[in-house]
Amino acid sequence: MMKMQIGVLAFLVALSVSSLVEFGLASPDTVPAFLWSPHLQSANGELDEAVNYQVMSAKDLVDSVFTQGRWSNFLCSEKKLEQAVDVALVFIGRDLLSSDVSSKRNSDPALVNTLNNLFTASNFSLAFPYIAAPEEERMENLLLSGLKKACPHNQGVSNIVFSDSCFVEDGTIQKLSDLQSIKDHLLARTETRKDGETDLVVLCSEGSESNSKSGQSHSERESISELVASVEQSGSKYTALYVSDPYWYTSYKTLQRFLAESAAGNSTGDVTTGCDELCKFKSSLLEGILVGIVFLLILISGLCCMAGIDTPTRFETPQDS
């Protein structure tokens with residue numbers, strides 16, 4: 001009987017945890033990352049392909065990019081590589097999850113197909129399907145930290161450029177406003193870049209929701225396709241990394257909303273301090289789940305107590321006095 005009670009309690013706990021995961025209150029899902037280059041090959045000249053199915057942190061991903069992906073060999077000035085590249089491209093997305101890549105039904109099939117075509121058509125490729133998205137630090141800052149770690153004495157990068165949508169703490173980093181500015185910058189660098197120099201270009205997406213609100217016309221798929229096509233047309237050798245980082249973006253927006261609603265003295269017409277319909281729906285549903293769990297526990301405890309009562313099945317006939 002005690003084992004049955006423990007099993008029921010475990011089931012209820014699992015049910016409550018799954019409900020919290022569904023509403024984003026538990027640990028988030030993993031995100032994918034892809035590293036490819038049509039200009040790098042293995043030592044024997046054959047295709048170099050690998051897939052790492054381990055669940056790894058974002059910091060471990062950055063370390064793998066600089067070691068297994070050989071980025072430290074051509075980004076650091078003290079390390080030279082025969083198969084050098086001219087440009088190292090980094091695409092930081094906000095929409096793609098690991099489940100979108102593994103399942104046939106995903107949020108952006110065009111983006112998945114574009115990444116798949118670029119990945120499979122390259123001579124050198126590494127796939128990391130399960131990356132735990134960073135919760136305290138953005139991917140672009142982790143990338144800069146990994147670069148300083150890989151090149152402790154001299155970063156060695158001839159030119160570092162971030163898009164204006166990236167949030168980096170280093171104020172010395174050059175930022176460009178949009179995709180066209182980055183394409184113009186790379187075109188100009190083809191004429192001024194010296195042999196052996198490698199440029200680092202990081203393009204951050206603000207997510208489909210932000211793009212629709214701001215009126216931007218470039219989706220993640222279009223940005224990747226246009227930038228890769230521009231680099232190939234210029235004749236530059238490149239290597240590219242795509243990694244999704246949606247959870248920090250979501251939590252950052254949630255924090256902005258919380259701070260805006262908490263600013264009692266700075267309230268404006270655009271700031272709402274009440275709970276919207278989605279907030280009310282989630283709170284009511286979670287309250288119902290918690291109340292239901294309590295009533296289920298009471299019901300199961302009562303049934304177990306009633307089942308434990310040992311009453312006689314028959315009674316003796318009283319003797320006549």
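**Exercise 1.** State which helix gives the largest share of the lining of the largest cavity, and describe that lining.

*Solution.* The largest share, three residues, comes from α7. Helices here are DSSP runs of H or I with at least four residues, strands are runs of E with at least two, and both are numbered from the N terminus. This is a predicted model, in which local features need pLDDT of at least 70 and side-chain atom pairs count only at pLDDT 80 or more, while totals for chains, interfaces and linings use all residues. Residues are numbered from 1 along each chain as its sequence is written, and side-chain values use heavy atoms, without hydrogens and water.

Next, α7 (179-192) and α9 (220-233) each supply at least two lining residues. The lining consists of Val87, Leu186, Leu187, Thr190, Arg193, Ser230, Val231, Ser234 and Ser236. By class, four are nonpolar, four polar and one charged.

**Exercise 2.** Describe residues 289-309 from the UniProt record and from the model.

*Solution.* The unreviewed UniProt entry places the feature "transmembrane region" at residues 289-309; such annotations may be inferred rather than shown by experiment. In the model, this stretch is 90% helix and 0% strand. Its end C-alpha atoms are 31 Å apart.

**Exercise 3.** Locate Glu169 and decide whether Glu169 is buried or exposed.

*Solution.* Glu169 lies in the loop between β6 (159-163) and β7 (174-176). Buried means under 20% relative accessible area, exposed over 50%, and partly exposed in between (1.4 Å probe, protein chains only). Glu169 has a relative accessible area of 66%, so Glu169 is exposed. Finally, Glu169 and Leu144 are 25 residues apart in sequence and 9.6 Å apart in space, C-alpha to C-alpha.

Notes: On a 1 Å grid over the protein atoms alone, a cavity is a set of points where a 1.4 Å probe fits but cannot get out, and a pocket is an open set with protein on both sides within 12 Å along at least five of seven lines; lining residues have an atom within 4 Å of a point. Ala, Val, Leu, Ile, Met, Phe, Trp, Tyr, Cys and Pro count as nonpolar, Asp, Glu, Lys and Arg as charged, and the others, Gly among them, as polar.
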